Amino acid sequence: MLQADFSRVTGGLRERTHCRTLLACTAESVLGVDREIERKPAVSAIGFSIPGVTVDHFRFADEEWSELLGENSTLRARLEAGPNLRLFIMLADPFTTPVVQLLEACSKEFPNAPVVGGMASGVQRPGETRLAINDHIFNSGMIGVSFAGPLEVDCVVSQGCRPVGPTFT
């Protein structure tokens, strides 16, 4: 089971990449430069070390949604978004995250900051999802990072993306 090895995998990624911030989640159908993992447990991860850009990470637990989405100012305060906010990347558990309501609230509160990311996959039941921010592992809710500062962001939607960087298998 990938859930048992998730912490070891994400810890190894942080050691090998030396990134300041790592986001990761359980996944299915992951592409690498010369390898594809299809219908098997996998990890999707992205690491950041961007000089001059403020990268703040956050997590919302599943019991917090009514407060966060019922009062948008609570969402704004929790995300600590400054005036130079450029982007959010969010990874979420599909069993515990009200993604439609979250995206609507983000669009209203942060109209100039796109939200990209996705839903964890490759699991069958609540509690099996794994989400990681650095060395912290969760099995529900949502994790993410915000980017603020001198960063230009262009979002492109593609069904067939070419992987970037080395493959860690």
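Me: S146 has its place in strand β10 (residues 142-148). Why is S146 called buried?

Reply: The relative accessible area of S146 is 4%, and buried means under 20%, exposed over 50% and partly exposed in between, with a 1.4 Å probe and protein chains only. S146 therefore counts as buried. The model is predicted, with pLDDT of at least 70 needed for local features and 80 or more for side-chain atom pairs, while totals for chains, interfaces and linings use all residues. Residues are numbered from 1 along each chain as its sequence is written, and side-chain values use heavy atoms, without hydrogens and water.

Me: What separates the C-alpha atoms of S146 and A113?

Reply: A distance of 9.1 Å separates them, although S146 and A113 are 33 residues apart along the chain. For L91 and V145, 54 residues apart along the chain, the C-alpha separation is 9.3 Å. L91 belongs to strand β6, and its relative accessibility of 11% is the reason why it counts as buried.

Me: How many helices and strands does the chain have, and what makes a run of residues count as one?

Reply: The chain has four helices and ten strands. Helices (H or I, at least four residues) and strands (E, at least two) are DSSP runs, numbered from the N terminus. Of the 169 residues in the chain, 39% are buried.

Me: Which residues of helix α4 are buried, and how do you know on which side of α4 they lie?

Reply: In α4 (residues 99-109), the buried residues are L102, A105, C106 and E109. Their arc around the axis is only 100 degrees, which is why they lie on the same side of α4; the arc is taken from the directions from the helix axis to the C-beta atoms. An α-helix has 3.6 residues a turn, so residues three or four places apart point the same way. The face turned away from the buried side of α4 carries the exposed residues V100, E104, S107 and K108.

Me: What makes the pair of F88 and F110 edge-to-face?

Reply: The structure holds five aromatic pairs. In the pair of F88 and F110, the centres are 5.1 Å apart and the planes stand at 65 degrees. Rings of Phe, Tyr and Trp (its six-membered ring) pair if their centres lie within 6.5 Å, and planes under 30 degrees apart are stacked, over 60 edge-to-face and the rest tilted. The pair of F88 and F110 is therefore edge-to-face. It links distant parts of the chain, with F88 in strand β6 and F110 in the loop between α4 and β7, 22 residues apart.

Me: Are F88 and F110 buried or exposed?

Reply: F88 has 0% relative accessibility and so counts as buried. F110, with a relative accessible area of 4%, is buried. Ring pairs also join F88 and F110 with F58, F60 and W65 in a cluster.

Me: Which residues have the most contacts inside the largest nonpolar core, and what makes a set of residues such a core?

Reply: This core has 16 residues, and those with the most contacts inside it are F60, L75, F88, F110 and M142. At least two residues each come from β5 (54-60), α2 (65-70), α3 (72-79), β6 and α4. The share of β6, four residues, is the largest. A nonpolar core is a set of buried Ala, Val, Leu, Ile, Met, Phe, Trp, Tyr and Cys residues joined through side-chain atoms within 4.5 Å.

Me: What volume does the second largest pocket have, and which element gives the largest share of its lining?

Reply: The volume of the second largest pocket is about 160 Å³. Elements giving two or more residues to its lining are β6 (85-92), α4 and β7 (115-119), and β7 gives the largest share, five residues. Among the lining residues are M90, L102, G117 and M142. The lining divides into nine nonpolar, two polar and no charged residues.

Me: Where do H18 and N134 lie, and are they buried or exposed?

Reply: H18 is in the loop between α1 (2-17) and β1 (21-27), and its relative accessible area of 64% makes it exposed. N134 is in the loop between β8 (131-133) and β9 (136-138), and at 11% it is buried. Neither is a glycine, yet the phi of H18 is positive at about 60 degrees and that of N134 is positive at about 55 degrees.

Methods. On a 1 Å grid over the protein atoms alone, a cavity is a set of points where a 1.4 Å probe fits but cannot get out, and a pocket is an open set with protein on both sides within 12 Å along at least five of seven lines; lining residues have an atom within 4 Å of a point. Grid points are joined across faces, edges and corners, and a volume is the space filled by probe spheres set on the points. Ala, Val, Leu, Ile, Met, Phe, Trp, Tyr, Cys and Pro count as nonpolar, Asp, Glu, Lys and Arg as charged, and the others, Gly among them, as polar.
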